[in-house]
Amino acid sequence: MADFGGTDLEAFRAETRAWLAENYPASLNAPMGEDDAPWGGRKFTWKNPDAKLWLDRMAAKGWTAPMWPKEYGGGGLSKDENKVLEQELRRIRARPALMSFGLWMLGPVLLEYATEEQKQKFIPSIIKGETRWCQGYSEPGAGSDLAALQTKCEDKGDHFLINGQKVWTSYADQADWIFCLVRTDTSKKHEGISFVLFDMTTPGVEARPIKLISGSSPFCETFFDNVKVPKDQMVGKLNGGWEIAKRLLQYERQNISSSGFGSGGGLDLVEVAKKEIGLDEQGRIDDGDLRARIAAHRMDAHAFMLTVRRAEAESKASKGPSAAVSIIKYAAAKMNQDRFELMVEAMGLQGLGWEGEGFAKDELAVTRGWLRSKGNSIEGGTSEVNLNVVAKRVLGLLDHQ
C-alpha cells in the first residue's frame, strides 16, 4: 500500500481512532504487570479473557504485524500509516496485543529468506499468536563465539537428525517451536551452519529451566537427543545459516533496545526517590548528589529513546536494521543497569528485601529486577561483543595484532 497524503492519512487516523475506541477492552486500562505479558501460544494461560480478545481483534486486522504483507495475515500498512497507528496506540496507552519472538526476530528473517511455502505455513500463526517461538543459539561452549556451536545435524535421507545442547534458551519450557542453529558441516566454521525450525514436542527435545539469582527462571537448558526434523523446515540454503543468524541477531538487539529491558517493578525512579528520601523546601529530592545523577540519567534516557526511534525509522526506510543496533543494545543494557542501581540506592534498606512483611510487593520487584538486570549486558550479545561489532562494522577499525 502506498504512503497516504495528508488528507487520506488524516482519514486513516480518524478511522483508527474510532476502531480503537470501539475495540480496546476497558479492563486493560490498568497497568500491565509481568504476569500479564501476552505471549500467546498453545501453552499460554490468559489471566484476563479481554487480553485474548484484544489479541484476536488486532490479529484479525493484521495489526500485530502492521507492516507485514497482507497475503500472510499482516496489516499491509505503509510507513506513514504505521506511524499513525503507533501514535494512536500510545495515545490510549494500549497494552501490546502480543509479545512474541516470532514477531520480533523470526518473522522478519522468514520474510527475507524463507520459501513461499514456509512463509504461508509459519507467518500467519505468528501474527495470530497461535505459536510461541524460542531461540536455539547459545551453547555451553558457544556463547560469545556463536560460530563455535556444535549441535550436530545429520542428513538421513528423508529427514535431518539433530543431537546436541543449547543454553540460555529463553522460555524454551513454554515455547511451541524453536528456530535453531545447527552444524551441518564440521570442516568449516561459519560456512558449516544451517538454520532449522522444529516443534518442541518432537521426541528427543527436553527443556530444563535455569534458576537465576533474581529467583525467576526465564532461561533454560535445552537438549536434543536424536530429534527428527523434516527437511522442508530448513530455512535458506544448507550451510547458509550464518547469514540468517547474523540478520536475526540484528533484529533481536533492535527489539531489546526498544523494549528497555523491563519496567522496574512498576515503580518510577523519581517517585521512589521522593518517597524514600523526602523533599527539600523547594519540593526537590532531598539529596543533591543523587538528584543530580537521577536528572542526568533521565536526560540520557530521553535522548536514548529519540535515538531508538530514529534508528527504527531508518530501519523501516531501508531493508532492516544495520550493525548500528549494536551501539543501541550496548547503551540500553548500561542504562537499564544504571537505572536499577539508582532505584535500589534511593530505596535504602527497603532495597535489600527478598521476602517478608516489611517489604511491599513492588519494592521486592525492584530488588529482583536489579539482580535480573545484571544479565542485560550478556543476553542478545555481550556488551564486549557488541563493542567489537561497533569498532569493526560501524567505525571501520581494523584489528591490530
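In this predicted model, the second largest pocket has a volume of about 230 Å³. Its lining consists of Asp268, Leu269, Val270, His297, Arg298, Ala301 and Arg339. Two elements, α7 and α8 (288-317), each give two or more residues to this lining. The largest share, 3 residues, comes from α8. By residue type, the lining of the second largest pocket divides into 3 nonpolar, 1 polar and 3 charged residues.

Helix α7 also packs against another helix. Two packed helices are described by the angle between their axes and the distance between the axes. For helix α7 (residues 269-277) and helix α9 (residues 325-347), the angle is about 20 degrees and the axes lie 8 Å apart. Because angles under 35 degrees count as roughly parallel, α7 is roughly parallel to α9. The crossing in which α7 passes α9 is left-handed.

On the α7 side, the contact is made by Leu269, Val272, Ala273, Glu276 and Ile277, and on the α9 side by Arg339, Leu342, Met343, Ala346 and Met347. These residues of the contact of α7 with α9 divide into 8 nonpolar and 2 charged, with no polar residue.

Note on methods: Residues numbered from 1 in each chain as written. Predicted model: local features only at pLDDT ≥ 70, side-chain atom pairs only at ≥ 80, totals over all residues. Heavy atoms only, no water. Axes fitted to C-alpha atoms, helices over the stretch in contact; angles between N-to-C directions. Helix = DSSP H or I, 4+ residues; strand = E, 2+ residues; numbered from the N terminus. Parallel < 35°, antiparallel > 145°, perpendicular 65-115°, else oblique. Left-handed = near helix turned anticlockwise from the far one by under 90°. Contact = heavy atoms within 4.5 Å. Nonpolar A, V, L, I, M, F, W, Y, C, P; charged D, E, K, R; others polar. 1 Å grid on protein atoms, 1.4 Å probe; cavity = no way out; pocket = protein on both sides within 12 Å on 5 of 7 lines; lining within 4 Å. Points joined across faces, edges and corners; volume = space filled by probe spheres on them.
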